[in-house]
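This report describes a protein model in terms of its chains, cores, contacts and backbone geometry. The sequence and coordinates are shown below.

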Amino acid sequence: MIRALLRVFVASLLGRRLAGVLSLTAVTLGVALGLAVQIIHGAALDEFGRGMRLLAGEADLQVVGPRAGFDDNLYLKIAQQPEVRQASPVLEIEARLPGREEKLRIYGVDLFRVARVLPMLMPVAEDGAGRLLGLEPGRLFLSAAARESLELANGDLLTVQSGLRETELLISGSVPGAPAGQAFAVMDIASAQQVFDRIGVLTRVDLRLAEGVRRDDVLEQFAARLPPGVTVRPPDAGVAESSGLSRAYRVNLTMLAGIALLTGAFLVFSTQYLSVVRRGRELAFLRAMGMERALVMRGLLLEGAALGLLGGLLGVAAAHGLAALAFALVGGDLGAGYFAHVTPSVRFMPGASLVYLALGVTAGVAGAWLPARHATAQVPAQGLRAGNDSELLAANARWRAALTCIVLALLACLPGPLGGIPVFGYLAVAFILAAAVFGLPGAVGLLASPLALSSAVLARLARARLTAAPGQVVVAGAGVVASVALAVSMAIMVGSFRDSVDDWLSKVLPSDLYVRASSSVASGYLDPEAVDRIAATEGVARVVPVRYDSLRLNDAALPVTLIARPTDGGDALPVVSRGPVMDDTRPRVWITEAMADLHRLGIGDHLALPIAGRDAYFVVAGVTRDYARQHGAVIVELNDYRRLSGDHLINDLGVNLAPGANRDTVALLIRETLGDRVVEISLPAQIRAISLEIFDRTFLVTYLMQAVAVLIGLFGISTTFAALATSRSREFGMLRHLGLRRRDIGRLLALEGSLTAVVGVVIGTFAGGAIALVLVEVINRQSFHWSMDLAPPVGAIVGFALTLVVLAALAARVSGAKAMRGSAVAAVREDW
Amino acid sequence: MRSFQCLMLALGVSLAASAAERYPPVLPGKVITFPQDTGAHPDYRTEWWYITGWLQDTDGMERGFQVTFFRVRTLLGEDNPSRFAPTQLMFAHAALADLDRGRLLHDERVERALAPLAGAEEGRTRAWIGDWSLVLHEAGHYTTTVNAGDFGFDLRFDPSGEPVLNGKAGWSQKAPDPINASYYYSRPQLAVSGTLDIDAHSHAVSGQAWLDHEWSSEILPEDASGWDWIGVNLHDGGSLMAFQMRDRSGATMFNAGTLVEPGKGVQTFSPDEVRFQPLRWWASPRSGIRYPVAWAVEAGTRHFEIEPLMDDQELDSRASTGAIYWEGAIRLLEDGRQVGQGYLEMTGYGERLRM
């Protein structure tokens with residue numbers, strides 16, 4: 001039976017190669033894009049996680065604190081706990097290397113303890129040297145990857161920077177246990193504390209537990225005994241943190257791939273629909289011969305499934321190719337910057353591949369389902385009569401369904417995210433798309449009615465055709481709607497986002513120059529003396545010092561960035577909302593939107609921040625915008641921070657020039673004062689340009705996916721018209737008899753095509769606008785926790801719409817060309 | 001004496017020649033006072049507390065044991081205010097000679113001195129690394145606790161007499177050049193009681209032990225290849241310590257000893273009064289190194305023979321500290337009759353120690 005079905009139905013796919021190839025391509029693309037995103041992120045995360053896991057090694061637990069570290073006295077207490085078999089203190093430094101672009105991660109470890117907890121960090125001295133060589137100050141041991149990337153050998157000196165001071169370290173051996181590809185260095189912890197001015201500070205303690213002690217049992221006990229801001233966790237928690245960071249980005253890309261796949265399903269729908277229409281007589285004949293309705297249905301669904309399966313298989317293969325290409329071109333994070341220093345390789349992902357293959361088949365079956373139902377609903381006797389497609393193409397306006405979908409979409413915007421993923425937001429997007437498709441038939445009538453006023457024959461013919469067979473528009477236009485909606489919504493969202501980021505950047509970069517010794521995570525910083533010297537430089541009116549740290553507010557959440565800077569009562573910040581907290585005597589803190597969302601904080605709330613191992617209490621004075629720190633940030637007045645922490649170091653220094661001072665001269669003076677090799681001076685314009693470049697790179701992939709979706713939409717128009725033109729050859733022959741020239745038929749087709757496109761584009765644009773709103777207000781808000789001001793790029797959208805209409809006209813015209821080739825007589829006679 | 005010096009060299013704590021000047025010199029004439037000098041002397045380069053002895057469990061089974069705490073001043077990071085500054089390192093080593101196994105069980109610990117995790121206190125003996133410790137209590141007895149991988153012991157040592165000062169009132173010359181000397185006293189005839197854990201069994205044990213405490217600032221002379229040392233509790237209540245330093249040809253370059261005979265007091269020997277003569281060699285099946293495991297030893301007028309508890313008491317810690325040597329329980333015979341039990345240490349029989 002299956003063979004019969006295959007022969008009768010699936011074989012028919014071979015008869016319409018062009019349409020088949022196009023819908024196959026659409027499914028393939030949808031599957032390929034979605035799966036590629038999974039593979040790329042899966043591989044990058046795996047690699048990143050592997051690195052973290054490898055570097056966490058055999059440790060049972062890790063004690064971690066703020067980025068600036070915690071008092072090493074704590075280590076002595078932890079190491080003496082009876083539950084702890086061995087504790088290994090670690091001071092992790094991201095060393096700035098003056099004169100080099102890259103930074104070097106350096107682990108300061110206790111050589112006598114690290115081997116029992118984390119053997120891969122055990123340094124080994126160069127040949128012939130004693131085993132305790134590593135205890136000597138200034139000895140550095142490089143992993144193979146670091147040795148390679150820094151091009152250093154034993155005996156070479158490497159200059160590292162701490163604050164503004166340069167220190168030369170002697171490369172004295174290797175770290176043979178370092179996992180392949182992990183570039184880092186190891187030195188003695190005492191030397192690390194001294195060289196990097198971190199006396200008394202650790203950033204981590206790795207623990208091996210005593211035999212018989214269960215990890216979960218001690219986790220809570222230990223956590224309760226640790227000072228504020230320091231927490232204990234399993235080493236793989238770090239992997240989860242990094243995975244959480246990129247998850248929102250990943251989910252968004254997956255959604256885009258999903259829409260591509262949906263567009264593919266629409267395309268399958270189009271081709272199947274047309275094929276069913278064209279084969280109306282054949283199907284009726286099969287029914288008349290005694291084939292059961294259910295069997296016909298199954299056969300038609302099998303056709304869709306076959307298309308989906310083939311497309312899915314091709315898609316799975318293509319996805320792995322795409323992933324390889326992406327790794328080669330933009331890296332594992334698709335340019336988003338989540339996984340720096342990670343070089344993943346493509347691996348076959350059987351689970352995800354199966355899921356996407358299934359999605360491909362589902363798209364094929366879903367696309368085939370409605371046409372199959374239509375075909376089997378027909379009474380065989382009717383179908384046996386001369387092929388009359390108008391009946392099948394008659395589609396009723398479905399305003400009620402469209403309205404229902406709109407209401408559902410609105411409702412779906414209300415709930416919060418599920419597990420940090422805006423599931424309901426995506427549901428809203430799906431409802432909006434459905435509403436748009438349901439609205440299509442009715443919209444045809446509305447949009448085509450102005451044509452009735454035209455006296456031109458072709459215009460009236462086109463209108464007659466479209467209003468009589470709105471199904472044709474649905475069939476041809478559904479793909480267009482989906483892809484246009486996707487493109488428009490992304491354009492609006494990305495445009496608004498970019499606009500808001502740009503605006504934000506100019507607000508947070510008010511100074512004329514920015515001076516820093518290194519990025520805030522690395523080992524350079526400015527001490528108060530250096531700040532004073534800059535402030536005293538000729539031409540400098542004011543300096544705005546900023547200090548960064550990263551705090552752990554509770555054990556579960558991701559670390560939060562602490563920004564200590566002069567706030568000018570909030571005036572210096574990109575404040576979104578602020579409130580009167582005059583009567584509160586606590587020091588003020590401004591929180592970012594992400595912070596407000598993730599920690600459920602509002603203006604006037606009290607917030608405890610673990611500063612220097614003690615909880616300090618603040619009152620939330622306002623909410624500010626921040627596009628840089630997805631996991632949240634708090635901004636406190638610099639003087640408050642200094643008073644609480646005793647930390648007077650500075651990471652970034654904004655320099656405001658005195659009137660008439662020359663920027664370049666001042667920059668030069670500062671360079672001369674502090675040393676050219678140890679400071680980085682940037683202009684706000686540079687920082688802005690770099691930030692926006694990163695932004696654009698992040699969204700490059702989404703632009704590419706949009707282009708693909710639009711291409712798929714155009715395929716839809718092209719295939720529909722190709723198929724319709726064939727089935728309408730009689731009609732065209734008749735028109736030729738009536739005096740229309742071949743050229744006129746072409747114009748008629750182009751007109752119909754552009755009308756279809758206009759309907760699709762208009763509906764798609766509206767739907768896109770609505771989706772953009774959902775993206776901005778629901779999906780982005782929930783996954784990244786930041787707001788943005790809507791700034792639709794109207795010009796670009798109009799241009800895009802017009803281009804699409806023209807392209808659709810061309811596609812319709814070209815696809816119809818075949819139908820016009822035959823002689824008028826033959827075409828008409830075919831019917832008799 | 002101890003394997004520690006070779007161990008330090010093998011570890012390659014590189015000490016510049018001029019660095020020696022930064023350690024206090026070991027000169028004769030210093031008065032060693034108790035209990036003050038049982039504590040650590042952190043200014044000196046190296047120091048160790050070393051207990052060896054024989055244990056007997058309730059079944060009559062005899063085993064040798066050894067536990068040592070070393071301290072070394074590295075001259076590294078003395079200007080570094082970090083609490084991790086490796087100015088003083090602590091090493092601990094424990095071994096058990098078990099006839100059933102036919103070879104030594106041993107384990108070791110290394111840490112930088114960092115109270116309260118590891119260190120050596122001044123004023124009274126207290127050296128520890130984690131849960132390994134050696135303590136002199138105010139009541140006058142010592143205790144040690146060792147939890148090694150496959151054995152452990154918790155022992156108490158009660159001295160039966162005063163400390164014995166070796167050499168000239170505790171100033172012990174090691175080589176022809178008197179610059180190679182240490183401050184050195186012994187506590188022989190320590191009565192042992194406590195428990196020994198081995199093979200998941202806990203044994204009540206008793207026995208006799210010997211404690212050496214020695215501190216110095218010089219490493220081995222350039223032309224020395226190794227040494228042989230014995231410390232024996234005599235059954236008559238006396239004790240014998242003797243050693244010889246060998247040069248690169250294997251010939252004796254220096255030797256000395258201390259004999260305590262009940263009723264006769266302490267007798268210290270000059271180099272020509274002590275003689276070591278190998279009687280029987282044993283080749284280690286693991287390292288291939290040949291050790292003279294049986295000796296004839298002359299100390300003054302007395303002639304002894306040494307027989308090991310078992311031949312295989314080689315200690316191979318090349319993988320960790322780089323040292324390989326023989327250190328084990330021995331019986332002391334005089335005229336074919338056992339007159340004492342103690343320990344023998346032999347170093348430098350393998351490759352020449354890296355300098």
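The sections that follow take up each chain, the nonpolar cores, the contact between the chains and selected backbone features.

## Overall make-up of the chains

The model is predicted. Chain A comprises 26 helices and 22 strands, and 50% of its 832 residues count as buried. For contacts in chain A between residues at least 6 apart in sequence, the share that joins residues at least 24 apart is 84%.

Chain B, by contrast in its elements, has one helix and 23 strands. Its radius of gyration is 19 Å, close to the 20 Å that the globule rule gives for 355 residues, so chain B is as compact as a globular protein of that length. The C-alpha trace of chain B spans about 60 × 45 × 45 Å along its principal axes. Buried residues account for 51% of the 355 residues of chain B. Of the contacts in chain B between residues at least 6 apart in sequence, 57% join residues at least 24 apart.

## An annotated span in chain B

The UniProt record, an unreviewed entry, carries the annotation "domain: AttH" for residues 46–217 of chain B. In the model, this span is 65% strand and 0% helix.

## Nonpolar cores

The largest nonpolar core holds 155 residues, of which A:A36, A:I432, A:V481, A:A485 and A:V634 touch the most other members. Helix 17 of chain A (residues 470–508) provides the largest share of this core, with 22 residues. A second, separate core has 147 residues, including A:V160, A:A192, A:V232 and B:F269.

The surroundings of A:V634 can be listed individually. Apart from neighbours within four places in sequence, A:V634 is in contact with A:V560, A:L562, A:V589, A:I591, A:M595 and A:L609.

## The setting of A:I39

A:I39 belongs to helix 2 of chain A, which covers residues 17–56. Is A:I39 buried or exposed? With 26 other C-beta atoms within 10 Å, A:I39 is buried, because the threshold for a buried residue is 20 or more.

Once neighbours within four places in sequence are set aside, the contacts of A:I39 are A:A319, A:H320, A:A323, A:V346, A:M349 and A:A352. A:L329 lies 290 residues from A:I39 in sequence, and the C-alpha atoms of the two residues are 15 Å apart in space.

## Contact between the chains

Chain A and chain B each bring 20 residues to the contact. On the side of chain A that touches chain B, helix 3 (73–79) and helix 6 (189–195) each supply at least two residues. Helix 6 of chain A gives the most to this side, with four residues. By residue class, the side of chain A that touches chain B divides into eleven nonpolar, four polar and five charged residues.

## Helix 9 of chain A

Helix 9 of chain A covers residues 280–288, and A:G280, A:L283, A:A284 and A:R287 are buried in it. Viewed down the axis of helix 9, the buried residues fall within an arc of 100°, so they line one face of the helix. Helix 9 is followed by A:G290, which has a positive phi near 110°.

## Backbone features of chain B

Two cis peptide bonds involving proline are described here. The bond from B:F34 to B:P35 is cis, with omega near 5°, and B:P35 lies in the loop between helix 1 (4–11) and strand 1 (46–57) of chain B. The bond joining B:A115 and B:P116 is also cis, with omega about 5°. B:P116 is located in the loop between strand 4 (103–112) and strand 5 (118–120) of chain B.

Positive phi values at non-glycine positions form a further topic. B:Q189 is not a glycine, yet its phi is positive, at about 55°. B:Q189 is found in strand 12 of chain B (residues 181–198) and counts as buried, with 21 C-beta neighbours inside 10 Å.

B:D335, likewise not a glycine, has a positive phi of about 55°. This residue is placed in the loop between strand 22 (323–334) and strand 23 (337–346) of chain B. B:D335 has 8 C-beta neighbours inside 10 Å and therefore counts as exposed, given that the limit for an exposed residue is 12 or fewer.

Terms used. Residues numbered from 1 in each chain as written. Chains lettered and ligands numbered in written order. Predicted model: local features only at pLDDT ≥ 70, side-chain atom pairs only at ≥ 80, totals over all residues. Rg over C-alpha atoms; globule rule 2.2 N^0.38 Å. Contact = placed C-beta atoms within 7 Å. Core = buried A, V, L, I, M, F, W, Y, C linked by C-beta atoms within 7 Å. UniProt positions renumbered as here; feature names shortened; annotations may be inferred. Nonpolar A, V, L, I, M, F, W, Y, C, P; charged D, E, K, R; others polar. Arc of directions from axis to C-beta.
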